[in-house]
Amino acid sequence: MREPLKGHAAGRSVALIDGIEKVTGRAVYTADMETPDCLVGRILRSPVSHGRIVRIDTARAAALEGVLAVVTGADCPHSYGVIPIAMNEYPLARGKVRYRGEPVAAVAARDARTAEQALELIELEIEELAASYTPEQSRAAGAELLHDDKPGNIEREVHDEFGDPAAGFAAAALVREATFKCAEVNHAQMEPHAALAEYDVSRDRLTLHSVSQVPFYLHLTLARCLDLDTSRIRVLTPFVGGGFGARTETLNFEIIAALLARKAGARVMLRLSREESFLTHRGRPDTEVSLKIGLAKDGRITAVQCQVVMSGGAYAGYGLVTILYAGALLHGLYHTPAVKYDGYRVYTNHPPCGAMRGHGTVDVRHAFECLLDRMARALGLDPFAVRRVNFLGAPTTTANGLLVNSYGLPECLDKVEAASDWRQRAGRMEAGRGLGMACSHYVSGAAKPVHWTGEPHAVVAMKLDFDGAVTVLTGASDIGQGSTTMVALAAAEILGIDLGRIRVVTNDSAITPKDNGSYSSRVTFMVGNAAIEAARALRAKLVAAAAKKLDANPDDIECAGETFFVPGGSQSALPFHDVALAALAEEGTITVKGTFTCPPEAQGGKHRGGAVGSTMGFSYAAQVVEVAVDVETGRITVEKVWAALDCGFAINPLAVEGQIEGSVWMGMGQALCEETRYTEGLAIHANLLDYRVPTIVESPEIEVQIVESIDPLGPFGAKEAGEGALSGFPPALVNAVADAIGLEADFLPLTPDRVLDALIKARRAARRKAAS
């Protein structure tokens, strides 16, 4: 493994360049952009989970003084959805409602009180239909269909088989099966949803500010739903207060705000409450994983069989991608010579699920790592040894066509094993305390975009003008992950200039190049590579100007510390500003661009759905978790976490550490306390008191270690860092609980009541066994 780049910018820890605005309160978010002339938008939502819309009468609402617009499903006959072949949702329900809280009408008024009065004046009549809240209910004979073209309420089923699973199981020394239930969870991002829409009637133009992670996809959807040419739409994303996947598809409120603005011919601010943000949802679905693994005596995996059933909610969204990811990423972490996968994404009468950090992989990886640990114990093998005997060798291509160019998992395991003192402590701790471990991985961007246009996956433009500043233009959303800083560091490294000379302009479709968005951890890999290419193009122009002034060969010119010089030469070094002016004298304002397109060999297998899961590089992670369990109360306390992540190369180690810590923390929430809950379709979790996320009180010490495997395709060798560590925490915690008290939990989250129930059942089973 070659040593990673250690330049004057890339590879050094720096504070995020937009951090000052955030910590001082100067950052302007969408909800902060209201002006005195803004109308207030409000949404009327369905009071039932499933029903036919018999009548919507908005006459009284429209007649109320101060109301300038009322819209219903009749105002938008076009469906939408993030996947082009699965567009079955409307911004406002048409014909049927399919979940409690679905938008059916909206108003824009001069103030909030008038808007709320107007909602009360809308007459809504719904013929209620039988609702299905679980996959079992939805798939039952005679169940009411949510969508007439989806028999059995199956959104998508997937059946893949690689190798010879039957032969693999027959050859195994040990075969075990288990079923795991993982509750639905929500992103719970800090910033509630909001959109500000302005319609210029005289020019027939729409401007929308929103919280989106995917402004390009939002732009396309607005054009579709409003029957507008894309040239008449401008989409801007200001500061975004977190996303985690909640905003990786166009959301109904964004279209509703635009519909209201057009009808009123005005500016409309539509702020969603925390409850409404929960109802908009798009979280990780309730998932049942039935898993079977075969192991040889030495712990080698001989075969895997997995069935996944997801409760997807009322509409398609990212559903077909999620169910494909769940099977695809059974591969790519270990050598799995034979795999059979059956996946079912099922419609239910709940808010739609979608993409969430670690999209599609978290629950399946949880099941896999838990069962693998149990089998290791049954064979008398150390969990670390079982992982090591199943290592991949990079470069390689998996059975389902996934490219693995770099593989830092061995070093990740070595680091957490040593740091946690595993060999001396595991299985030897005092009663009620235990250690558990797990591994995980994730993609560095989807190799094929959702909307295939043939264009590059990422484009970055750079501009140099009279002021000597380098302006970087990118359409990539910084949702807190530090992508804006990453782009600046990449430019500074290649150009050999101070970070303060660079300004980054993001997310304005009228100014910045198109970018597919901030999802699937694509930005560092794709946008980073595009930024490097753009910086190299600009550097070549500067070097040519310096060479002319120094009367030297351009190949002999070096740039560092904001000076251009010939190493060992007699000429004086030229400061950056002088070289910039010389280059500008040749052609005026200099504009260059860089692009990145995923190479064909990384675009996945040829089987149906083979593109999902394909990527240019996988991150790899290993974790050890130490817990204390109170068997009288069922309460689990996480004492410490050791986490190592192979991110290829840490362009900004400080940001990488923060991303790993955030992944661990989010995994801890899913493992210990987070879950969405409904009663007859009514959300009873829709606030941050009832939806329990860990606080600083529960947050343990997290010891982070960075592994740099230097991916040959990554920018400076970098890969993703924001998702790979998440899916390792829940199984590491469950495995630690097993070490502490012998409980092999098959459910998430491990709330105290569930732990107590499981302990009681285990004690009863033990007594029955002893009595027999």
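Because the model is predicted, local features need pLDDT of at least 70 and side-chain atom pairs count only at pLDDT 80 or more, whereas totals for chains, interfaces and linings use all residues. Residues are numbered from 1 along each chain as its sequence is written, and side-chain values use heavy atoms, with hydrogens and water left out.

## Overall build

The protein contains 19 helices and 31 strands, where helices (H or I, at least four residues) and strands (E, at least two) are DSSP runs numbered from the N terminus. Its radius of gyration, taken over C-alpha atoms, is 27 Å, close to the 28 Å that the globule rule gives for 772 residues, so the protein is as compact as a globular protein of that length; the rule itself is 2.2 Å times the number of residues to the power 0.38. The C-alpha trace spans about 95 × 75 × 50 Å along the principal axes.

Of the 772 residues, 61% are buried, a class defined by a relative accessible area under 20%, with exposed meaning over 50% and partly exposed lying in between (1.4 Å probe, protein chains only). Among contacts (heavy atoms within 4.5 Å) with a separation of 6 or more, 80% involve residues 24 or more positions apart. The protein exposes about 28200 Å², of which carbon and sulfur atoms supply 50%, the areas coming from the Shrake-Rupley method with a 1.4 Å probe.

## Charges and salt bridges

Counting Lys and Arg as positive and Asp and Glu as negative, without His and the chain ends, the protein has 76 positive and 93 negative charges, whose mean positions are 2 Å apart; each charge is placed at NZ of Lys, CZ of Arg, CG of Asp or CD of Glu. Side chains of opposite charge can pair when their charged atoms come close. The structure holds 46 salt bridges, each being a side-chain nitrogen of Lys or Arg within 4 Å of a carboxyl oxygen of Asp or Glu. The table lists some of them.

| Salt bridge | N to O distance |
|---|---|
| Arg52 and Glu127 | 3.8 Å |
| Arg55 and Glu123 | 3.1 Å |
| Arg377 and Glu744 | 2.9 Å |

The pair of Arg52, in strand 2 (residues 51–57), and Glu127, in strand 6 (residues 123–128), links parts of the chain 75 residues apart. Strand 2 also carries Arg55 and strand 6 also carries Glu123, a pair separated by 68 residues.

Through salt bridges that share partners, Arg377 and Glu744 belong to one network with Arg365, Glu369, Asp373, Arg374 and Arg387.

## Surroundings of Ser477

Ser477 sits in the loop between strand 20 (470–474) and helix 14 (483–495), and with a relative accessibility of 0% this serine counts as buried. Leaving aside residues up to four places away in sequence, Ser477 touches Ser212, Gln213, Pro215, Thr237, Ser483, Asn507 and Ser518.
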